[in-house]
Each structure stands twice: as C-alpha cells, then as structure tokens.
Amino acid sequence: MVRLLSLVVVMLVLSAAAILRDGRIFGHDLRQTHAAVASVAQGSDTLEVQPDGTFVVNTRVLAKDVQGYGGPVPLKIHIDKDGRLTAIEAEPNAESPSFFDRAKELFSRWQGKTIDEAMAEDVDAVSGATFSSKAIIRNVQRGLAYAKQRGLSGNGAQKESAERTVATGWTLGSIVALIAVLLGAVVPLFTNNRRLHLVQLVVNVVVLGLWTGTFVSYTLFLRLFAGGVSLSAIGTLAAPLLMLIVALLYPLAGRSGHYCAHVCPFGSAQELAGKLSRRKLRITPRVLRVLTALRNLLWGVLMALLLTGTCTAWIDYELFTAFIYSSASVWVIVLAMLFLVLSVWVPRPYCRFVCPTGALMKSV
C-alpha cells in the first residue's frame, strides 16, 4: 500500500511538472483559450496568404497528435504561387535545442521542390535526434497533404495522402531496442546467471545506449505526461514505455531497482567498467551517509526548480544523453566519461550518489 501511494504521488508530481512546463497533460492543451479553439475550428490559423501571394501552412492543428521528444513540433511551410516550397520555419517547441538544431537540417531536403516532389521525397530520421526529426517529417507530410488538398500544388496529380498514412515509427532499431528491454525485464526474474547478466549489460550499452539512445529520464517522463502517446509514435515509444513499466511498476511487486540494475544503459556501462578492477575504494559508513544526503538534497533542489518552472533546462543534461554523442553537450560527455572512470574503483557512483531519475524511481 505504501509503494502504491508513493507511485500515485510520483504520478501527480510528474503531471504537475508537465502542466507547469508545457501547459499540457497527456496531449490536452490546458492553456488554449476558447477564442483560440474557435479560430482553429475555422481553420484561420492553418492557411495564410501573404501579400506577395505566398501560402503559409501552419501544422499546429494538422499535426497536433505528432510528438517530438519534448512535445509537438509545429512548422510553417511556405509555398509560392507555383506550388514550390520556398521555406520551412519552426514554431516554438519544447525540444532540446541541441537535438532540434540537428533535426532542422532536414528542412533543406524539401526546400525548392514542388509539393508533389516533396511528398515523394524519401527522408530518413537524423541519427542522434530521432524523435525530433521524425516529428518534423510527419509535420511536413501533414502540411503537404493539406496544401495538395487545397489545390496549391499547381497540378491535378493524385497521390496517397500523407495525412491519412499511419506512420507507426517501427524501425530495425526500435524493434531491437524493444527486444533488449524485454530481455532485461524478464530474464532476471527467472535466473541469476552471471554470464547472462554480463551479456545483458553489453546489450544494454550497445543497443539501448549507443545505437538507439533509449533510456528513462526526466525528459522522457515529461514528454509522455505532457504529450501522451500517439499511434504515429508507438513504434518509437514501445521500448521507452516498457522501460517505464519496469521502473515504476516492478517496485510494486517487490522488484525495486530492477530497471537500474538490469536495463539502464548508463548503469550497465558503470557496472561493466567496475569489472576492470577488483580493487575498490573503501567508503566508510559516515561518508556514505553524507553522500546519500547530498544526493537527496540535490534531488530536492532539482525537483523544486522543475515544479516552480525556475529552471527546467537541467533535465536535458542528465548523463544518459552522453550516449547520443552526436548531439550531447561536451560537458555531459566529459562528466559521463569521468563517472565511468570512477566506476572502475567505486561501484556505480552516478547511480548511487547523483542520478535524479534514479532518486525519483527509488521513491516508489
């Protein structure tokens, strides 16, 4: 009962953080006024005509169910009188700037093309910014489909509407990541075989960390609590959702810490580093108590910042993002490497003495 109440409190805290940061909860915009709703219903915000005859399609409503990592990623698509894309402009969003800047490189793939040419363009997600780039691709698809339906393409050629196409996000990476999480979630329930555990640690680091960048973090929590889960992203989110089940629901069955020990890629990397040396630094009980207290203090401060909206950017700098090295901050990568080196002599130092996400899960 105590764990269940703790889980309820955690859910309420995350819901409050999502509302305060994004003004949304499970995809419902709580800040939208009645006037805005009426304007959207009339479609006045979706299509604008500039004085020079350029059409501007805004995907805020067309792709409101499409989520990036931090929430919706609305775009403005500029189309000239000949049906050619002249520019794509990003509207304000909650994506991590470093990831979104990489994802915006996709804009050049469509610019200068006619609507039909752009719709036929086969565009892949950007490595290291998968969520953001897939959201951009789907927003462009919805916007182009809308423009074509309004006769802005300059010809009558018919293509399958991207607006009606359900892109579930299943890729080889997302499937392998889901399998890796399933193994970590299920196998340890039936066996404590050390060799299997070692293999799982390697799989976690290679597949969940370096290949797909899949992990539980505050960014993931707020992305899901604010934006919910749409069918268009179910493939991409399958592994993260299973991770959340392991992290939050396993403790109710007496498996506290299962995610950290058997699934988390950064925890796995630290444990693997620890196997490089049998000599460990001895931490006295007094120092251990001090380090634990400092971790709790840090977590309390960070949660206060998150819930007051004072400084929410810290969630983008948890060390898990070092796995997405092509987009991660240099300081995040440096700190992650330092903790990995320290892990050779101190078992899982980041997990035990710093990790804010781990502190949240331990409260369940």
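**Exercise 1.** In this predicted model, find which helices the buried residues of α12 pack against.

*Solution.* 
Step 1. Locate helix α12: it spans residues 265–274.
Step 2. Pick out the buried residues, meaning those under 20% relative accessible area. They are P265, F266, G267, S268, A269, Q270, A273 and G274. That makes eight of the ten residues in α12, so the helix is mostly covered.
Step 3. Look for the partners. The buried residues pack against α8 (194–211), α11 (258–262), α14 (330–342) and α15 (349–353).

**Exercise 2.** Describe how α7 and α8 pack, and sort their contact residues by class.

*Solution.* 
Step 1. Take the geometry. Helix α7 covers residues 172–186. Its angle with α8 is about 150 degrees, and the two axes lie 10 Å apart. The crossing is left-handed.
Step 2. List the contact. Helix α7 supplies L172, G173, V176, A177, A180, V181, L183 and G184. Helix α8 supplies Q200, V203, V207, L208 and W211.
Step 3. Sort by class. Ten residues are nonpolar, three are polar, and none is charged.

**Exercise 3.** Work out the strand order of the open sheet, and name its edge strands.

*Solution.* 
Step 1. Read the order: β3-β4-β5-β6, with antiparallel pairing.
Step 2. Find the strands that pair on one side only. These edge strands are β3 (47–49) and β6 (85–90).
Step 3. Neighbouring strands are turned by 20 degrees on average, direction ignored.
Step 4. Zoom in on one pair. Strand β5 (residues 75–79) joins β6 over five bridges. Here I77 stands opposite I88 of β6.

Notes
Residues numbered from 1 in each chain as written. Predicted model: local features only at pLDDT ≥ 70, side-chain atom pairs only at ≥ 80, totals over all residues. Heavy atoms only, no water. Pairing = 2+ DSSP bridges. Helix = DSSP H or I, 4+ residues; strand = E, 2+ residues; numbered from the N terminus. Axes fitted to C-alpha atoms, helices over the stretch in contact; angles between N-to-C directions. Buried < 20%, exposed > 50% of the residue type's maximum accessible area, 1.4 Å probe, protein only. Contact = heavy atoms within 4.5 Å. Left-handed = near helix turned anticlockwise from the far one by under 90°. Nonpolar A, V, L, I, M, F, W, Y, C, P; charged D, E, K, R; others polar.
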